[in-house]
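Welcome! Please take a moment to look over the sequence and the 3D structure shown here.

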Amino acid sequence: MPEAAVTFDDVQDAAARIKGVVHRTPVLRSRTLDALVGAEVHLKCENFQRAGAFKFRGAYHAVSRLAPEQLARGVAAFSSGNHAQAVALAARELGSSAVILMPEDSPRSKRDATEGYGAEIVTYDRYTGDRAALGARLAAERGLTLIPPYDHPHVIAGQGTAALELIEETGPLDALLTPVGGGGLIAGSAVAATALSPGIRMIGVEPEAGDDTRRSLAAGERVRIPVPRTIADGQAVEQPGELTFPVNRRLLESVVLVSDDEIRAAMRLAFERLKIVTEPSGASALAALLAGAVDPLPRRVGVVISGGNIGLDRFLELMG
């Protein structure tokens, strides 16, 4: 896959296509947070996005580019929850239908929301099944167009519009911290951010149990790990994307790790002091900043709060 498979022009084109459908989410500031970390922090709050996470950007952009006959047949996706909801909503908005392959242990709130958008759910065991192979087979058997969660140029370009909006609002930043799962969000964000803010430090954040991208960057090639067991279900990925990894290898400064306890602490601070609800994956970049994982500390830093899809019972369980 070429390293320039997604360009800044592609991100700008995606922004124009999704305008008026995808929310332009708020950028929040907090003097309390600035004082805690010793930097000027700008939070891009994708927990306020439609379907509750940044994933709607890439999903809607990719589905909107399908031919009428593809929309008529329907789309398929595999996801632990946020991409599932995003594709289901995008399909509904564009008059199509969706079948989603989800892990059996996906959070109940995410399954309910996906079905609420009109999608059919097919489940699998994430610890024994190959979701990419199962998803491809499901799409082929039913004649559906597969919309992967990150390894697709239109998905990556759509995700990059989050960073585009952030820097349009804040001006140049010294660093941008972004959660990393398969790498689509940070790849698209890196393409946009490095174009708009030359010299910006792109820093990815992974859970300690799911450090496939960090290992891959160190090895210079994609490394596969066992299915991660972490509260950050949206980042429980075994291997970086084939398309996202070359982009991230070229544009990322580093990937730092956070523990589940550090993610819980960030979720609690976001709730108690910032008055926002995040899911574990959504809080991981904030967790890295609060835990002092970024060294040297940037003066002006952007942080992507990638999602807020968490049910009350699960939130209370994690905060308990």
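**Ground rules**

This is a predicted model, in which local features need pLDDT of at least 70 and side-chain atom pairs count only at pLDDT 80 or more, while totals for chains, interfaces and linings use all residues. Residues are numbered from 1 along each chain as its sequence is written, and side-chain values use heavy atoms, leaving out hydrogens and water.

**The sheet**

Let us begin with the strands. Helices (H or I, at least four residues) and strands (E, at least two) are DSSP runs, numbered from the N terminus. Six strands form an open sheet with mixed pairing, in the order β1-β2-β10-β7-β8-β9. Two strands count as paired if DSSP finds at least two bridges between them. At the edges are β1 (27-28) and β9 (254-258), each of which pairs on one side only. Strands β2 and β10 (residues 300-305) run parallel and are joined by six bridges. Along this pair, Leu43 stands opposite Val303 in β10.

Two helices pack on the sheet. Helix α10 (residues 184-196) touches β7 (175-179), β8 (201-207) and β10, and its direction makes about 165° with that of β8. Helix α14 touches β2, β7, β8, β9 and β10, and its direction makes about 155° with that of β10. Here, contact means heavy atoms within 4.5 Å. Axes are lines fitted to C-alpha atoms, for helices over the stretch in contact, and angles run from 0 to 180 degrees between N-to-C directions.

Leu43 lies in strand β2 (residues 40-45). Is Leu43 buried or exposed? Leu43 is buried, with a relative accessible area of 2%. The terms are set by relative accessible area: buried is under 20%, exposed is over 50%, and partly exposed is in between (1.4 Å probe, protein chains only). Not counting residues up to four places away in sequence, Leu43 touches Pro26, Val27, Leu28, Leu33, Leu274, Leu286, Val303 and Ile305. The C-alpha atoms of Leu43 and Ala90, 47 residues apart along the chain, are separated by 25 Å.

A nonpolar core is a set of buried Ala, Val, Leu, Ile, Met, Phe, Trp, Tyr and Cys residues joined through side-chain atoms within 4.5 Å. The largest such core has 35 residues, and those with the most contacts inside it are Leu43, Leu177, Leu286 and Val303. Helix α14 (residues 280-290) gives the most to this core, with six residues. Apart from it lies another core, of 29 residues, among them Ala14, Ala192, Met202 and Leu243. In soluble globular proteins, nonpolar side chains tend to be buried together.

**Two helix pairs**

Two packed helices are described by the angle between their axes and the distance between the axes. How do α13 and α14 pack? Their axes are 8 Å apart, at an angle of about 95°. That makes α13 roughly perpendicular to α14. The residues in contact are Glu262, Ile263, Ala266, Met267, Leu269 and Ala270 of α13 and Pro280, Ala283, Ser284, Leu286, Ala287 and Leu290 of α14. By class, this contact has ten nonpolar, one polar and one charged residues.

The axes of helix α5 (residues 82-93) and helix α6 (residues 108-116) come within 8 Å and cross at roughly 10°. Helices α5 and α6 are therefore roughly parallel to each other. Angles under 35 degrees count as roughly parallel, over 145 as roughly antiparallel, 65 to 115 as roughly perpendicular and the rest as oblique. In this pair, Asn82, Ala84, Gln85, Ala88 and Arg92 in α5 meet Lys110, Ala113, Thr114 and Gly116 in α6. The contact of α5 with α6 has three nonpolar, four polar and two charged residues. For these classes, Ala, Val, Leu, Ile, Met, Phe, Trp, Tyr, Cys and Pro count as nonpolar, Asp, Glu, Lys and Arg as charged, and the others, Gly among them, as polar.

**Residues to look up**

The peptide bond from Asp295 to Pro296 is cis, with omega near 0°, and Pro296 is found in the loop between α14 and β10.
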